[in-house]
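Trainee: I have a new structure open and would like to go through it piece by piece.

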Amino acid sequence: MTLLAHDRYCDEIAHQVAELRAVVLSGAELSAIVPTCPDWSLEDLIRHMGGALRWVNALVRERAQEDIPFDRIPLCGGPTERGDAAALDKWLGESGDLVVEALREAGPDTRVWSWADIPTSGFWARRMAHEITVHRADATLAAGLPYAVAPDIAADALDEWLQVVEWVQRTASDPSAAELRGPGRTIHLHATDTEPGLNAEWLIELGEDSVTWRRGHEKATAALRGALTPLLLAFYRRLPLDAPGLEVLGEREVLEFWLERTSFG
């Protein structure tokens with residue numbers, strides 16, 4: 001696995017903010033429930049995402065060595081009035097500008113607190129690029145709009161999600177993750193629409209002691225095949241396994257078992 005360049009992540013955050021702003025201004029009903037995050041309305045989702053960007057901006061700008069509570073961050077919750085698409089759009093744009101500027105200035109190697117074991121600004125550039133990539137999918141599903149993502153970002157988002165699952169399982173920070181361990185079960189993910197150089201295939205091993213993964217084409221207990229974007233969204237539980245263009249091979253219950261126990265993302 002090779003990380004993308006720091007500037008690539010910064011560019012993608014800026015791009016995804018612009019795409020998410022387009023959803024806000026599309027005329028979509030801000031009070032509509034987000035089907036993939038049913039506790040949130042579309043406006044709640046936008047406020048969550050913009051608040052996360054402002055939180056990371058504060059962490060990086062302050063070179064924080066411990067977490068910063070949201071209530072210490074100006075405008076972290078969004079505009080005062082609800083239901084105002086223009087105000088929400090402006091606030092989201094400013095949130096994106098702030099965090100991209102902070103991340104570019106810091107570069108990838110500045111020490112910054114993180115909840116994982118990678119305390120760098122580079123961790124946050126990658127995390128925010130994929131956080132907003134997936135939450136924009138939530139927003140487009142709520143608004144009934146099309147969704148697409150660049151192949152390099154989609155593949156790296158799958159890498160990063162597998163690393164997060166590894167970390168959660170290793171640190172026992174979510175009890176359900178421990179249940180992933182067990183003998184003789186493997187999952188193969190296979191993107192069918194990418195250039196060979198991207199190597200968009202993954203083999204996940206649910207071992208007795210740990211969960212491990214690697215890129216590559218190998219036979220597995222269960223496989224999920226399809227175009228890279230729906231493959232990503234299904235593995236993030238944003239699309240069902242039987243969504244158009246996806247194919248499950250082997251023991252479907254192994255995939256369902258995985259998805260049920262990685263619901264912390």
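**Working through the model**

Trainee: Start with Glu 43, which helix does Glu 43 lie in?

Mentor: Helix 2, residues 42-61. Helices are DSSP runs of H or I with at least four residues, strands are runs of E with at least two, and both are numbered from the N terminus. This is a predicted model: local features need pLDDT of at least 70, side-chain atom pairs count only at pLDDT 80 or more, and totals for chains, interfaces and linings use all residues. Residues are numbered from 1 along each chain as its sequence is written, and side-chain values use heavy atoms, with hydrogens and water left out.

Trainee: Is Glu 43 buried or exposed?

Mentor: Glu 43 counts as buried because its relative accessibility is 4%. Buried is under 20% relative accessible area, exposed is over 50%, and partly exposed is in between, with a 1.4 Å probe and protein chains only.

Trainee: What does Glu 43 touch?

Mentor: Leaving out residues up to four places away in sequence, Glu 43 touches Leu 30, Glu 81, Arg 82, Gly 83 and Leu 88. Contact means heavy atoms within 4.5 Å.

Trainee: And Pro 35, buried or exposed?

Mentor: Pro 35 has 51% relative accessibility, so it counts as exposed. Pro 35 sits in the loop between strand 1 (33-34) and strand 2 (37-41). Beyond four places in sequence, Pro 35 touches Leu 141 and Ala 142.

Trainee: Switching to helices. At what angle do helix 1 and helix 3 pack?

Mentor: Helix 1 (residues 6-24) and helix 3 (residues 85-106) pack at about 180 degrees, and their axes are 9 Å apart. That is why helix 1 is roughly antiparallel to helix 3; the label applies over 145 degrees, with under 35 roughly parallel, 65 to 115 roughly perpendicular and the rest oblique. Axes are lines fitted to C-alpha atoms, for helices over the stretch in contact, and angles run from 0 to 180 degrees between N-to-C directions.

Trainee: Who makes that contact?

Mentor: Among them are Ile 13, Val 17 and Leu 20 of helix 1, and Leu 88, Leu 92 and Val 99 of helix 3.

Trainee: Now the open sheet. What is the strand order?

Mentor: 5 strands in the order 5-4-3-6-7, with mixed pairing. Two strands pair if DSSP finds at least two bridges between them. Strand 5 (211-215) and strand 7 (246-250) are at the edges with a single partner strand each, so one side of each has no neighbour in the sheet. From one strand to the next, the twist averages 15 degrees.

Trainee: How do strand 3 and strand 6 pair?

Mentor: Parallel, over 5 bridges, with His 190 opposite Arg 225 of strand 6. Strand 6 and strand 7 pair antiparallel over 5 bridges, and Leu 224 has Val 248 in strand 7 as its bridge partner. In strand 6 (residues 222-226), 4 of the 5 residues are buried.

Trainee: And strand 4 with strand 5?

Mentor: Strand 4 (residues 201-206) runs antiparallel to strand 5, joined by 5 bridges. Leu 206 is opposite Val 211 in strand 5.

Trainee: Which helix lies across strand 3, strand 4 and strand 5?

Mentor: Helix 5 (residues 151-171), running at about 160 degrees to strand 5.

Trainee: Last one, what does Trp 258 touch?

Mentor: Past four places in sequence, its contacts include Leu 162, Ile 187, Ile 204 and Phe 235.
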